[in-house]
Amino acid sequence: MDDVVDGKKKTVTSTGKRRVRERKTKTIGGNSSSSNNNNEIGDMEDFCSDEAQKIRASLLEWYDQNQRDLPWRRIINHYDHQHQHHHSTTIEEEEDARRAYAVWVSEVMLQQTRVQTVIDYYNRWMHKWPSLHHLAQASLEEVNEMWAGLGYYRRARFLLEGAKMIVEGGGGFPRTVSALRKVPGIGDYTAGAIASISFKEAVPVVDGNVIRVIARLRAVSANPKDSVTIRNFWRLAGQLVDPCRPGDFNQALMELGATVCSPLSPKCSFCPVSGQCRALIGSKNSESVVVTDYPIKVVKVKPKHEFSAVCVVKILESQDVSEGTQSESGFFLLVKRPDEGLLAGLWEFPSVLLDGEVDLTARREAIDHFLSKSFKLDPKKTCNTVLREDVGEYVHVFTHIRLKMYVELLVLHLKGGVNVLRNNQHKETLSWKCVDSTALSSMGLTSGVKKVYTMIQKFRQPLNPIPAKTRRSKVLRN
Ligand code: SF4
């Protein structure tokens, strides 16, 4: 049996629930080196080869009959079938790369996101960039737009950077975990998935589903978030992986966790590995034990609370005002976030982080300061304020941050139109653009920006509060 043992630990920040913790793995032959780690965690006992074989056989048989029909699997399974009939190295390499690319894109999208949501994104992505070479030609702007709404945008950026690196390297798609780990954004989870599914390397893949299944099979009472415990899950998963069908086995284990061994209501009577499940045996022997006791629950760290003032700035040019078509005409001001940090490089409405929950006056002061500093726009002095209304609040939850956004709408009339902004811009430190409502609706927007825009759209009544004839005199106050 091939055995995967813990290499030198290298922990990379987890990007989500699905990928638990990335670390370096090393594949070696034989089954000799698990005892050191085994001593660290008392109840994470090795699978003996008889147990491992039973689990593999049952799980693969179940998977062959029950696997979900998912678009990325069509490419993989089609390839498996074709592969048996041709022996051209070039064609095989092309097919390998195509399959690896499909696995890569799908696995990255699936981190932190439900399968049903990913299907649409995946299909659109593959339609636009059907191969690694197509993706390598894309711009970050295009990739971010395509990714809009999936969250964790670093994943999209890494996909693009990785694609460029592989294509520029000229050596074809990396085929092993160790080679894949050198690609930006590919950690142990993704490397294991690509190497096992696309290139049949007998390496494990550990995500939240795999941890749950193994924690129950072994009735593990150690903290599943602990780095040593996670290393041991990788070790146990490595003992289970099927040497002949590693990719199918890994997918089967994840699929079992996703569809049968669910967090709250596992369907043990339909489970192909119930005979090897210690949690189930424990629950039959004692009324105080239930399988959902495993893996143990860990108290979540409370997210940090942050507050921001978001100002949707709509700029009307003279013609827009005189036509009295405020709700449709005009341009929205968008600014680009910094290239590093949360939502790096993405477009948003102007916003300012606040020192806690502050009142409307303080929020407006913060926004006014930002607009004045960045564009020399002063709603009180340098331009005509057509409308300024508090629209409401919206809470957006990121992994570690709970961001409360206070949203306001500011409609300005600029005589020189948006060109005035260009002339006014303070140095070239900020990227910005003005888009009309049609362009804004068709842009890929983050879900936070989309939500704010929806709030603004629903806020119709104040946008057209005054009959056109009287509006003009009120609007153009000087
Ligand atoms: S028997 Fe139940 S708890 Fe055990 S692995 Fe199967 S579904 Fe999960």
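1. Let's start at the ligand. Sorted by class, the shell around the ligand holds twelve nonpolar residues, one polar and one charged. Here Ala, Val, Leu, Ile, Met, Phe, Trp, Tyr, Cys and Pro count as nonpolar, Asp, Glu, Lys and Arg as charged, and the others, Gly among them, as polar.

2. A word on the model before going on. It is predicted, so local features need pLDDT of at least 70 and side-chain atom pairs count only at pLDDT 80 or more, while totals for chains, interfaces and linings use all residues. Numbering runs from 1 along each chain as its sequence is written.

3. Back to the shell. There are 14 residues around the ligand, and Cys261, Cys268, Cys271, Ser274 and Cys277 come nearest; a residue is near a molecule or strand if its C-beta atom, placed from the backbone, lies within 6 Å of it. Both α11 (208-217) and α14 (278-285) supply at least two shell residues, and α11 gives the most, with three.

4. Now the whole chain. It has 20 helices and nine strands, which are DSSP runs numbered from the N terminus (helices H or I, at least four residues; strands E, at least two). Of its 478 residues, 38% are buried. Buried means that 20 or more other C-beta atoms lie within 10 Å of the residue's own, with C-beta atoms placed from the backbone.

5. Helix α13 (residues 246-259) is worth a look. Its 14 residues reach 20 Å from first C-alpha to last, close to the 20 Å expected at 1.5 Å a residue (the expected span is 1.5 Å times one less than the number of residues). Why call α13 largely enclosed by the rest of the structure? Because twelve of its 14 residues are buried, including Phe249, Leu253 and Met254. The buried residues pack against α2 (49-66), α10 (188-199) and α11, the helix that also gives the most to the ligand shell.

6. Strand β8 (residues 401-413) is mostly covered too, with ten of its 13 residues buried. Which strands pair with β8? β3 (residues 304-316) does so in the parallel sense over 13 bridges, and β7 (residues 384-397) in the antiparallel sense over twelve bridges; two strands pair if DSSP finds at least two bridges between them. To find these pairings on screen, look for Ala309 bridged to Tyr406 of β8, and Asn384 bridged to His413 of β8. β7 and β8 form a hairpin, with three residues between them.

Technical notes:
Two residues are in contact if their C-beta atoms, placed from the backbone, lie within 7 Å.
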